[in-house]
Amino acid sequence: MNPDEWRAMMEVIPDVRDGLTRTERIVLYVVHETQRELNGRNVPTAMLYGRVLEYVDMSEAELHVYLDRLGVRGDAL
């Protein structure tokens, strides 16, 4: 297996410790850090999407799928 295939596989396999994929962990990290910057206020989805793109290449629809999977409600962001 070459390094690119290995990285692609690691993107979709959940971690045994908590069941999160690498991308899910990044989304949660970015939400947390952005909330800290905003002093606990809700994070606009557009702001979150822009910041997540710094780590992972995904469409806006894919971000919404991850947010749904993580249980983040649209009005809570």
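**Helix packing and core of the predicted model**

In H3, the residues Thr45, Leu48, Tyr49 and Val52 meet Glu60, Leu63, His64 and Leu67 of H4. By class, this contact of H3 with H4 comprises five nonpolar, two polar and one charged residues. The structure described here is a predicted model.

**Geometry of H3 and H4**
- The axes of H3 and H4 come within 11 Å and cross at roughly 105°.
- Because crossing angles of 65 to 115 degrees count as roughly perpendicular, H3 is described as roughly perpendicular to H4.

**Nonpolar core**
- The largest nonpolar core has 13 residues.
- Val27, Val30, Leu48, Val52, Met58, Leu63 and Leu67 are the members with the most contacts inside this core.
- Two or more residues of the core come from each of helix H2 (22–37), helix H3 (45–52) and helix H4 (60–69).
- H2 gives the most to this core, with four residues.
- Neighbours within four places in sequence aside, Val52 is in contact with Val27, Val30, Met58 and Leu63.
- Val52 is also one of the H3 residues that meet H4.

**Loop between H2 and H3**
- Asn39 is located in the loop that lies between H2 and H3.
- Although Asn39 is not a glycine, it has a positive phi of about 55°.
- With a relative accessible area of 71%, Asn39 is exposed, since the cut-off for that class is over 50%.

Definitions and conventions:
Residues numbered from 1 in each chain as written. Predicted model: local features only at pLDDT ≥ 70, side-chain atom pairs only at ≥ 80, totals over all residues. Heavy atoms only, no water. Core = buried A, V, L, I, M, F, W, Y, C linked by side-chain atoms within 4.5 Å. Buried < 20%, exposed > 50% of the residue type's maximum accessible area, 1.4 Å probe, protein only. Contact = heavy atoms within 4.5 Å. Axes fitted to C-alpha atoms, helices over the stretch in contact; angles between N-to-C directions. Parallel < 35°, antiparallel > 145°, perpendicular 65-115°, else oblique. Nonpolar A, V, L, I, M, F, W, Y, C, P; charged D, E, K, R; others polar.
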